[in-house]
Amino acid sequence: MARGQPTKKPVRQPRRRTKPKADERRKSRLTIWLEQHLQAWVASLGRLYRAPMPSLMTAAVLSIALALPASFLLFLDNARQVTGAWEGGVRISLFLEQQVSATRQQELLRELRGIEEVAHARLISPEQGLAEFQRLSGFEDALALLDDNPLPPVIEIEPRGALDGMAVESLANKLRGRAEVDQVRLDRQWIERLRSIMALIERVVWVVAVLLAAVVVLVVGNTIRLDIENRREEIVIAKLIGATDAFIRRPFLYEGIWYGLLGGIAAAMLVEIGRWLIGGPAQALARLYGSSYALSGLGGSGLLTLLGLGVVLGLAGSYLAVGRHLAAIEPR
Amino acid sequence: MIRFDNVSKRYPAGHEALHDVSLHIGRGEMVFVTGHSGAGKSTLLRLIPLLERPSRGSVVVAGANLERIGRRRIPELRRRIGVIFQDHRLLFDRSVFDNVALPLVISGQPRGEIARRVRAALDKVGLLDKERMAPITLSGGEQQRVGIARAVVSRPPILIADEPTGNLDPALSEEIMRLFQDFNRVGTTVVIASHDLALIRRLGHRVITLDKGRLIDDWTGAA
């Protein structure tokens, strides 16, 4: 043991570790702990670097598994932004029967303005309607050929701003009951349908996202498992000379984190490439609708979420593999 | 330092490797364990760093009853026992220096301390000039000496060696044994399994003989 101890006589050996002040010792233990982590962190990256092809393949699989749900969710996010702009004014259009007289139309208008829930009411006579239609639709010439005006008189109602969807609905139902009214149209119906379709798609995307997250965990887990197999001898020797489980586990956990991080970075790149490819056609479509909308990207928080998720899933995968396989390796 | 009380070890296959063995090895002693192959030498050694647990009986190492050492505390025990194998068990993807440094890295020594102690250990086994080399480029005797340097680098109070000279010629074997004597001389308890009787007798230390798992002779040597 101690060199320079000349005698073979079994003297009781003093504890080798001298005891410095408590906080000094704690500090050095902390630095050692940090150093060991740093070492494992760098060493695991070094191992990935030394086997670039398998590491890249794994990272590529992870990036696709992460990029798919990320881009779906980004697409939904964009769709929501677009439709959000359309939701402002809800209007109720009352299509009156053709034979309602002009005086009756005016009376009805006054009555409607008296209803509490109604903010504004505007009468659009068939002539006005036709003129507006001609101006906006571009079918001017064709419409000029019509002998008589096919449009019914319409009263357009803007409900009070404070009303929610249910109240507007019940107002519309109340108006539908009037004898003069042929049809009631809520122009927000189609937005609601669109929204429920989007909610459905979103649910599907989440289900797929959860499945793909499981794929990430399993792929990382399997990669780490193979790595543990390949380094069995090293693990055995480390255990033989007194390595703790934590010490042996550490480089594999960091490896999982690296895979997750690399996969996340590559996924973010894939998403941005996809946005760039779709960007042109999307803008052309927006222009047709008179909008200058441009697809929004991941953004800072989206990027961080993606990377963070990659890291968490990678860590989960390696944790799974390490828990299952390291305990099974014991020195023989 | 090491005490076996009525220790038996039966493997799941039914083979009984040790049968009711009791012995005591004092602090600072140097002991050879001998016997035919299959006599239980390796099993006896493997019980000390808890590579195996006995089926019956108790083993006490440095005052600690191994029965009471749970899985989580095994590393602590192994750090105090240097183990040397016949097949060296070196890592061939690392340099000689890194192989020897491994126990110190595991126990979290500061970098400067590691370099100093690794060089001291390599100097002791006469391989200081080969620290940058890969173990695979070394001869069998040199590889064994790297294994010994790794076992002693953390200055454990106990050294155990399983057939350390199994593959070496007589001159090299004697050299390795002398090395163990040097470590023993500075207070380390040394237990060596070997079947090289001629060499063992010449060295004049205590010899424990096993046969079919039973302790049949305990020769206390020249003392």
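This short report walks through a predicted model with chains A and B.

## How to read it

Residues count from 1 along each chain as its sequence is written, and chains are lettered from A in the order in which they are written. Since this is a predicted model, local features need pLDDT of at least 70, side-chain atom pairs count only at pLDDT 80 or more, and totals for chains, interfaces and linings use all residues.

## Confidence

The model's scores are ipTM 0.87 and pTM 0.72. Chain B has an average pLDDT (the predictor's confidence in each residue, from 0 to 100) of 90, and 99% of its residues score at least 70.

## Where A meets B

Here, 20 residues of chain A are in contact with 21 residues of chain B; contact means that C-beta atoms, placed from the backbone, lie within 7 Å. On chain A's side, helix H1 (22-50) and helix H8 (232-240) are the elements giving two or more residues. H8(A) has the largest share, with four residues. Helices are DSSP runs of H or I with at least four residues, strands are E runs of at least two, and both are numbered from the N terminus.

## Two spots on chain B

B:Leu50 sits in the loop between helix H1 (41-47) and strand S4 (56-61) of chain B. Its phi is near 60°, a positive value in a residue other than glycine. B:Leu50 is partly exposed, with 19 other C-beta atoms within 10 Å (20 or more would be buried, 12 or fewer exposed, with C-beta atoms placed from the backbone).

B:Lys212 also has a positive phi, near 45°. You'll find B:Lys212 in the loop between strand S9 (206-211) and strand S10 (214-219) of chain B.

Notes. Two residues are in contact if their C-beta atoms, placed from the backbone, lie within 7 Å.
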